[in-house]
Amino acid sequence: MLIWAAAFAVFVAVVGVPTSDPLVAFGWLWLATIAWRNYQPWRSHLLFLRDWLPVVLLLVFYNVSRGSADKLFAPHVLPMINADEGMFGWLTGGRIPTIWLQQHLYQPGHVQWWEIVVTLIYVSHFLTVPTVAVVLWVRNRKLSYRFMRRWITLSLAGLATYFLYPAAPPWWAWEHGYLTEQVYRISSNGFAAIGLHSAGNTLNGLQADQSNPVAAMPSLHTAYAMMAVAFFLPMVRKRWWPLLLAYPLAMTFTLVYTGEHYVADVLVGWLYVALTFLAVGLAERRSARRRALSSPGD
């Protein structure tokens with residue numbers, strides 16, 4: 001594991017965080033499972049490919065098709081602005097929370113210490129859910145399948161919404177004249193402060209080259225963070241809930257502060273998580289009942 005960690009650190013420093021290609025991300029996670037269980041025969045390591053290849057291919061399809069999601073309808077902009085102003089205008093002087101936060105916390109040309117934390121939280125989106133899924137796969141295969149079903153369902157629901165309701169984030173709204181006060185896109189600012197310039201360049205390149213910049217509703221960044229936490233809430237004592245829920249809340253602050261999402265996007269993302277858990281849970285219970293009925297009675 002030390003060898004794997006050192007190799008991964010070098011990769012991040014030279015190439016950047018594997019954010020754009022699921023094949024690369026899962027390649028590193030597969031190597032991590034091999035390093036962790038190096039005493040097992042290769043047949044057991046190849047099981048990873050059998051179980052995960054369909055998931056990775058689905059994520060590749062998601063990435064490719066997401067880029068075409070803005071081809072059917074014009075992007076929606078004003079509904080999210082109006083929603084955020086309606087919810088928080090009394091506190092922010094009529095501004096959306098993104099503008100209010102940046103005016104109070106952001107200094108152009110100077111990276112604050114909290115922007116390092118914000119950048120790390122933002123990038124964690126690309127690794128947290130796959131890492132949780134792989135750890136569960138190593139520890140409890142049945143539990144990992146439950147987690148993956150929710151993950152895939154949530155991703156497909158988000159993708160369908162991107163096609164039917166393309167929505168522009170705050171930075172896009174400012175660039176196209178829908179907001180009169182400037183919004184800075186600063187999600188990658190913290191990399192330069194900690195010497196990971198290549199990681200920041202990779203993320204900036206991904207953001208600049210992505211073919212669909214209007215896929216903000218729902219926010220799958222915060223939806224994934226909430227899903228990764230909500231899945232474990234029934235399994236831990238309630239006294240640990242605040243600690244777990246701190247992650248999706250931190251992701252929410254990150255997305256709003258950096259100009260990537262409105263609060264409205266976040267709330268819809270959380271709603272999608274709730275509906276996903278409800279729908280998949282019902283489907284799993286129905287499947288379990290059918291298996292029970294089809295099996296011989298005691």
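# Reasoning from cut-offs in an all-helix pattern

Tutor: Read along the sequence, the protein chain follows the pattern α-α-α-α-α-α-α-α-α-α-α-α-α, with 13 helices and 0 strands, where helices (H or I, at least four residues) and strands (E, at least two) are DSSP runs numbered from the N terminus. This is a predicted model, in which local features need pLDDT of at least 70 and side-chain atom pairs count only at pLDDT 80 or more, while totals for chains, interfaces and linings use all residues. Residues are numbered from 1 along each chain as its sequence is written, and side-chain values use heavy atoms, with hydrogens and water left out.

Student: How do you know whether the distance between the end C-alpha atoms of helix 2 agrees or disagrees with its 15 residues?

Tutor: The expected span is 1.5 Å times one less than the number of residues, so the 15 residues of helix 2 (residues 22-36) should span 21 Å, and the end C-alpha atoms are 21 Å apart, which agrees.

Student: Which residues of helix 2 are called buried?

Tutor: Buried means under 20% relative accessible area, exposed over 50%, and partly exposed in between (1.4 Å probe, protein chains only). In helix 2 the buried residues include Pro-22, Phe-26, Trp-28, Trp-30 and Ile-34. Over the protein chain, buried residues make up 45% of the 298 residues.

Student: What makes the pair of Asp-51 and Arg-141 a salt bridge?

Tutor: The term requires a side-chain nitrogen of Lys or Arg within 4 Å of a carboxyl oxygen of Asp or Glu. The closest N and O atoms of Asp-51 and Arg-141 are 3.6 Å apart, and the pair forms a salt bridge. Asp-51 lies in helix 3 (residues 42-66) and Arg-141 in helix 7 (residues 141-164), so the pair ties together parts that are 90 residues apart in sequence. By this rule the count comes to 7 salt bridges.

Student: Which residues are linked with Glu-284 in a network of salt bridges?

Tutor: The network links Glu-284 with Arg-146, Arg-149 and Arg-150. Between Glu-284 and Arg-149 the closest N and O atoms are 2.9 Å apart; Glu-284 lies in helix 13 (residues 263-294) and Arg-149 in helix 7, so this pair ties together parts that are 135 residues apart in sequence. The side chains of Arg-150 and Glu-284 meet at 2.8 Å, N to O, and because Arg-150 lies in helix 7 and Glu-284 in helix 13, that pair joins parts 134 residues apart in sequence.

Student: Which residues have the most contacts inside the largest nonpolar core?

Tutor: A nonpolar core is a set of buried Ala, Val, Leu, Ile, Met, Phe, Trp, Tyr and Cys residues joined through side-chain atoms within 4.5 Å. The largest such core has 33 residues, and those with the most contacts inside it are Phe-26, Trp-52, Phe-147, Trp-151 and Leu-154. Helix 2, helix 3, helix 6 (113-139), helix 7, helix 11 and helix 13 each give two or more residues to this core, and its largest share, 7 residues, comes from helix 7. A second, separate core of 16 residues includes Ala-167, Trp-172, Ala-173 and Leu-179.

Student: What is Leu-154 in contact with, leaving aside its neighbours within four places in sequence?

Tutor: Contact means heavy atoms within 4.5 Å, and the partners of Leu-154 beyond those neighbours include Leu-220, Tyr-224, Met-227 and Tyr-272. Among contacts in the protein chain between residues at least 6 apart in sequence, 80% join residues at least 24 apart.

Student: What covers the buried residues of helix 5?

Tutor: The buried residues of helix 5 (residues 97-105) are Pro-97, Thr-98, Ile-99, Leu-101 and Gln-102, and their cover includes helix 4 (78-92), helix 8 (170-175), helix 12 and helix 13.

Student: Why is Ala-246 classed as it is by its relative accessible area?

Tutor: Ala-246, which lies in helix 12 (residues 241-257), has a relative accessible area of 36% and is therefore partly exposed.
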